[in-house]
Amino acid sequence: MTQKVAVLGTGKIGEALLSGMIRAGWTPADLLVTARRQERADELRTRYGVTPVTNAEAAKTADTLILTVKPQDMGTLLDELAPHVPAGRLIISGAAGIPTSYFEQRLAEGTPVVRVMTNTPALVDEAMSVISAGSHATAEHLAHAEEIFGAVGKTLRVPESQQDACTALSGSGPAYFFYLVEAMTDAGILLGLPRDKAHDLIVQSAIGAATMLRDSGEHPVKLRENVTSPAGTTISAIRELENHGVRAALIAALEAARDRSRELASGNNS
């Protein structure tokens with residue numbers, strides 16, 4: 001952890017990563033940040049003791065550059081960085097839908113690039129970060145990316161060809177659960193419960209179910225069957241979910257998210 005790491009475009013996810021790295025043992029003096037607004041840069045310095053720099057300064061001095069700007073801003077950032085990034089500098093991209101080849105074509109020949117898709121539970125150290133190597137990234141580069149993103153959750157290596165699927169399943173995944181909780185809360189109100197009580201019931205049920213999935217080693221079908229007694233309340237609810245095509249709708253939704261990720265990668269932002 002003696003290398004200098006710069007987080008460029010330090011928004012919510014960038015700040016969560018920064019905070020997690022410090023808790024994991026990185027020294028604030030070895031962490032650089034960039035931000036569009038001076039007030040934001042000053043805020044990060046005060047909160048974490050890190051050093052705000054310009055994008056060019058980060059490119060010249062940091063051993064690893066973590067790019068956390070929005071996909072539509074990445075081209076402008078790379079134009080600014082390109083004159084200052086030496087070929088050996090590790091680039092870690094957190095931009096959805098942008099392939100490693102996009103960076104390799106705009107930076108010095110041989111620049112190692114690692115693509116990472118994380119998700120918003122990084123804010124509570126429960127992220128799922130999916131990591132892929134570009135053409136020039138080595139096992140050591142991948143391990144370094146895992147060390148960084150492991151500070152805010154779990155990591156998983158996949159071939160880059162699977163990144164769009166992972167974006168659909170995990171990158172966007174928390175939103176699907178929030179959507180489900182929202183719908184179940186409305187149902188609880190319809191059934192006569194106050195909103196706060198319905199919310200508490202659903203959230204704790206979700207936490208308990210997720211913990212069982214993680215820790216039991218059981219297949220989700222088995223866990224569901226354990227709750228589903230013959231002619232009971234649960235099977236009646238499951239029947240209605242099947243009648244309304246919820247399973248098919250989820251599959252179609254994930255396919256749509258994957259396809260949109262591919263469109264973004266091809267430059268279609270409309």
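Predicted model: local features only at pLDDT ≥ 70, side-chain atom pairs only at ≥ 80, totals over all residues.
Is Ala231 buried or exposed? Ala231 counts as exposed, because its relative accessibility is 83%, over the 50% cut-off.

## Overall architecture

The protein chain contains 12 helices and 8 strands. Its C-alpha trace spans about 70 × 40 × 35 Å along the principal axes. Of the 270 residues in the chain, 36% are buried.

An unreviewed UniProt entry lists residues 4-97 as "domain: Pyrroline-5-carboxylate reductase catalytic N-terminal".

## Nonpolar cores

In soluble globular proteins, nonpolar side chains tend to be buried together. The largest nonpolar core of this model has 27 residues. Those with the most contacts inside this core are Leu18, Met21, Ile66, Ile92, Val114 and Ile148. At least two core residues come from each of several elements, including the strands β1 (5-8), β2 (31-34) and β5 (90-93) and the helices α1 (12-24), α2 (38-48) and α6 (139-149). Strands β6 (113-117) and β7 (127-133) likewise each supply at least two.

When residues up to four places away in sequence are not counted, Met21 touches Val5, Trp26, Leu31, Ile148 and Ala151. Another core, of 21 residues, lies apart from the largest one; among its members are Ala6, Leu32, Met74 and Val85.

The unreviewed UniProt entry places a "binding site" feature at Asn55. Asn55 is found in helix α3 (residues 55-61). Asn55 counts as buried because its relative accessibility is 15%, under the 20% cut-off. Leaving aside neighbours within four places in sequence, Asn55 is in contact with Leu8, Thr34, Leu77, Glu80 and Leu81.

Ala59 also has its place in helix α3. With a relative accessible area of 0%, Ala59 is buried. Its contacts, not counting residues up to four places away in sequence, are with Leu65, Leu81, His84, Val85, Pro86 and Arg89. Ala59 and Leu90 are 31 residues apart in sequence, and their C-alpha atoms are 10 Å apart in space.

## Packing of α7 and α8

Two packed helices are described by the angle between their axes and the distance between the axes. The axes of helix α7 (residues 163-171) and helix α8 (residues 173-190) come within 5 Å and cross at roughly 30°. The two helices are therefore roughly parallel, since angles under 35 degrees count as such.

On the α7 side, the contact is made by Ala168, Leu169, Ser170 and Gly171; on the α8 side, by Gly173, Pro174 and Tyr176. The residues of this contact divide into 4 nonpolar, 3 polar and no charged.

## Residues with positive phi

Most residues other than glycine have a negative phi. Asp125, which is not a glycine, has a positive phi of about 60°. Asp125 lies in the loop between β6 and β7. At 28% relative accessibility, Asp125 counts as partly exposed.

Ala231 also has a positive phi, near 55°. Ala231 is found in the loop between α10 (220-227) and α11 (233-243), and its relative accessibility of 83% makes it exposed.

Conventions:
Residues numbered from 1 in each chain as written. Heavy atoms only, no water. Axes fitted to C-alpha atoms, helices over the stretch in contact; angles between N-to-C directions. Helix = DSSP H or I, 4+ residues; strand = E, 2+ residues; numbered from the N terminus. Parallel < 35°, antiparallel > 145°, perpendicular 65-115°, else oblique. Contact = heavy atoms within 4.5 Å. Nonpolar A, V, L, I, M, F, W, Y, C, P; charged D, E, K, R; others polar. UniProt positions renumbered as here; feature names shortened; annotations may be inferred. Core = buried A, V, L, I, M, F, W, Y, C linked by side-chain atoms within 4.5 Å. Buried < 20%, exposed > 50% of the residue type's maximum accessible area, 1.4 Å probe, protein only.
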